[in-house]
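Q: I would like to go through this structure with you, one topic at a time. May I start with the loops and then ask about the helices and strands?

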Amino acid sequence: MRYALIGCGRISPNHIVAAKSNHLQFAAICDIDENMLEEKAEKFDLRHVHQYKDYYKMLEKEQPELVAIATESGKHARIALDCISAGCNVIIEKPIALSLADANTIIWAAKEKRVKVCTSHQNRFNKSIQKIREALEDNRFGKMFYGTAHIRWCRDKDYYSKAKWRGTWAQDGGTLMNQCIHNIDLLRWMMGDEIDEVVGMTNRLNHPYIEAEDLGIALVKFKNGAYGIIEGTTDLYPKNLEETLYLFGEKGTVKAGGQSVNCIEEWRFADSLEEVKTVIAEFAENPPNIYGFGHTPLYADMISAIKEDREPYVNAEAGKRALELVLAIYKSAAEGKAIKLPLENCSTMEFVGRFE
């Protein structure tokens, strides 16, 4: 399967490793920054792969079957639509887009062109998360009461200065949209997906050089009667502390933690089917960074979805749902009231000047 990567920045090594691990035919890499192209070609033995600064030319000449988009978030939708128009299946780094209108257009276009779109919420493939999901689908929790997602990380001025798009409303959003959306996706997915209303508060406490928030807190009421709590920040001193997901049910309590919810730290079920220590030991991973190991199985699933003509495990609709929840928090914080879901439309650009 011919494969191309658009965007050779911070997250691109995970895509390159995933593509190689799944034995894709690497046709091309593309980035407007020649230094980025050269660096990735050298580091990952891609000298034989064609390099492009213009993805339009790349699509025309290489005609890849699968394209991954790992550019700044504000460009995801336009590039995805161009790839879909060219008949390519697409893996889109999170978030799928920065507006619900763009997310809906991607979903519609993919159906029209009969191609697959996967959103890169790779933490769904963590061994820990897969084990928790299995327990949920087997109804071991019983009635779900509430869940919490905590993302307590550090991002300093050096991080933002390395890429001017970070923290901007046009190209990124703030900590909820960039750093926290993975765990927000997991919380919504685990708690039943369908949401009644959201109450949020956001602020920019420690990063005056960005436009968007560095702290977001929200309460979520799900349609099934369960509740969710979200806390996300990049204000931690002096380094990342944790990313945790708690699920509390009638007959079960679980905590996933570690760098990127890659470890099970609590496993309590009324049925006592397994030895707790065994579960904690078996379903733990120690990734070298916060991105974890999920890209490789995500790619494997996407390849299978294309070959089998089925929806990928994390499809465009899943990406839209995660985006919608973040935008609902932004909207609630800006308007000072609870926001009912579904949202008809919303974009990060509605919040320009929010903290000025």
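Q: Where does asparagine 139 lie?
A: In this predicted model, asparagine 139 lies in the loop between α6 (127-137) and β7.

Q: And what is its phi, for asparagine 139?
A: Phi of asparagine 139 is near 60°, which is a positive value in a residue other than glycine. Most residues other than glycine have a negative phi.

Q: Is asparagine 139 buried or exposed?
A: Asparagine 139 counts as exposed, because its relative accessibility is 53% and the cut-off for exposed is over 50%.

Q: Which loop holds aspartate 309?
A: Aspartate 309 is in the loop between α10 (295-308) and α11 (316-335). Although aspartate 309 is not a glycine, it has a positive phi of about 55°. Its relative accessibility is 59%, so aspartate 309 counts as exposed.

Q: Let us turn to peptide bonds. What kind of peptide bond joins lysine 94 and proline 95?
A: A cis peptide bond joins lysine 94 and proline 95, and its omega is about -15°. Proline 95 is found in the loop between β5 (89-93) and α5 (100-113). In general, most peptide bonds are trans.

Q: What about the bond from leucine 341 to proline 342?
A: The peptide bond from leucine 341 to proline 342 is cis, with omega near 5°. Proline 342 is found in the segment after β14 (339-340).

Q: Now the helices. Which residues of α3 are buried?
A: The buried residues of α3 are Tyr55, Met58, Leu59 and Glu62. These residues are on the same side of α3, because they cover an arc of only 95° around the axis.

Q: And what does the face turned away from that buried side carry?
A: That face of α3 carries the exposed residues Glu60 and Lys61.

Q: What covers the buried residues of α3?
A: The cover includes the strands β1 (2-6), β2 (25-30), β3 (50-52) and β4 (66-69), together with the helix α4 (76-85).

Q: What happens at the ends of α3?
A: At the N-terminal end, aspartate 54 caps α3, with a side-chain oxygen 2.8 Å from the backbone nitrogen of tyrosine 56. Just after α3, glutamine 63 takes a positive phi of about 45°.

Q: You listed Glu62 among the buried residues of α3. Why does glutamate 62 count as buried?
A: Glutamate 62 has a relative accessibility of 7%, so it counts as buried; the cut-off for buried is under 20%. Glutamate 62 lies in helix α3, which spans residues 55-62.

Q: What is glutamate 62 in contact with, leaving aside its neighbours within four places in sequence?
A: Glutamate 62 is in contact with Arg2, Ala27, Ala28, His50 and Tyr52. With one of these residues, tyrosine 52, glutamate 62 has a polar contact of 2.5 Å between the side chains. The C-alpha atoms of glutamate 62 and alanine 4 are separated by 8.4 Å, while the two residues are 58 residues apart along the chain.

Q: How do α8 and α11 cross?
A: The axes of helix α8 (residues 181-190) and α11 come within 9 Å and cross at roughly 105°. That angle is why α8 is described as roughly perpendicular to α11. On the α8 side the contact is made by Ile181, Ile184, Asp185 and Arg188. On the α11 side, the residues in contact include Ala318, Arg321 and Glu324.

Q: Is glutamate 324 buried or exposed?
A: Glutamate 324, whose place is in helix α11, is buried because its relative accessible area is 6%. Leaving aside its neighbours within four places in sequence, glutamate 324 is in contact with Leu100, Arg188, Leu341, Pro342 and Leu343. Leucine 341 and proline 342 are the residues of the cis peptide bond discussed above.

Q: One last topic: which strands does β11 pair with?
A: Strand β7 (residues 144-152) is joined to β11 by eight bridges, and the two run antiparallel. Within this pairing, the bridge partner of isoleucine 151 in β11 is glutamate 243. Four bridges join β11 to strand β12 (residues 252-257), also antiparallel. In this second pairing leucine 247 stands opposite valine 254 in β12, and β11 and β12 form a hairpin with two residues between them.

Q: How many of the eight residues of β11 are buried?
A: Six of the eight residues of β11 (residues 242-249) are buried, and the strand is mostly covered.

Conventions. Residues numbered from 1 in each chain as written. Predicted model: local features only at pLDDT ≥ 70, side-chain atom pairs only at ≥ 80, totals over all residues. Heavy atoms only, no water. Buried < 20%, exposed > 50% of the residue type's maximum accessible area, 1.4 Å probe, protein only. Contact = heavy atoms within 4.5 Å. Polar contact = N/O pair within 3.5 Å; in protein donor to acceptor, adjacent residues only side chain to side chain. Pairing = 2+ DSSP bridges. Arc of directions from axis to C-beta. Axes fitted to C-alpha atoms, helices over the stretch in contact; angles between N-to-C directions. Parallel < 35°, antiparallel > 145°, perpendicular 65-115°, else oblique.
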